[in-house]
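Welcome! Here is a short tour for anyone meeting this structure for the first time.

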Amino acid sequence: MKKVTAVIKPFKLDDVKDALLEIGVTGLTVTEVRGHGRQKGHTELYRGAEYQVDFIPKTELNTIVSTDQVDAVIEAITKAACTDKIGDGKIFVSDIERVVRIRTGETDADALS
């Protein structure tokens with residue numbers, strides 16, 4: 001099992017969610033986060049004053065999938081989240097040793113479905 005974490009632009013959330021549903025991914029956790037990468041923030045004007053915004057609003061998605069689904073998940077997220085502009089985000093994949101469904105006690109693959 002793998003945990004796929006994607007940090008994307010907030011307005012792309014619905015597109016990514018729909019793309020993941022199309023390939024059969026149903027479990028998704030979404031968090032509003034702030035951060036920056038290469039773009040290092042931007043400058044904004046507010047009531048005539050200019051100020052630096054160091055951390056850009058982003059959306060973080062987490063899902064746990066079987067190892068054989070990882071490539072399809074990465075492809076779906078990449079296609080749905082891409083705007084071809086700086087700040088489109090990143091995808092991280094990490095190993096998951098164990099999953100337990102609290103309500104039933106099911107573990108691993110049984111707990112994912």
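The notes below go from the overall fold to the core and then to one residue. This is a predicted model, in which local features need pLDDT of at least 70, side-chain atom pairs count only at pLDDT 80 or more, and totals for chains, interfaces and linings use all residues. Residues are numbered from 1 along each chain as its sequence is written, and side-chain values use heavy atoms, with hydrogens and water left out.

**Overall fold**
- The chain has three helices and six strands (DSSP runs: H or I of at least four residues for helices, E of at least two for strands, numbered from the N terminus).
- Along the sequence, these elements follow the pattern β-α-β-β-β-β-α-β-α.
- The C-alpha atoms fill a box of roughly 55 × 25 × 20 Å along the principal axes.
- Of the 113 residues, 27% count as buried (under 20% relative accessible area, with a 1.4 Å probe and protein chains only).

**The largest nonpolar core**
- A nonpolar core is a set of buried Ala, Val, Leu, Ile, Met, Phe, Trp, Tyr and Cys residues joined through side-chain atoms within 4.5 Å.
- The largest one holds 15 residues, and I8, V16, L20, V65, V73 and I77 touch the most other members.
- Two or more residues come from each of β1, α1 (13-22), β5 (56-65) and α2 (70-81), with α2 giving the most, six residues.

**A look at T5**
- T5 sits in strand β1 (residues 2-8) and is buried, at a relative accessible area of 12%.
- Its side chain makes a polar contact with the side chain of N62 (2.5 Å); such a contact is a pair of N or O atoms within 3.5 Å, and within protein one must be able to donate a hydrogen and the other to accept it, while residues adjacent in sequence count only if both atoms are side-chain atoms.

Methods:
Buried < 20%, exposed > 50% of the residue type's maximum accessible area, 1.4 Å probe, protein only.
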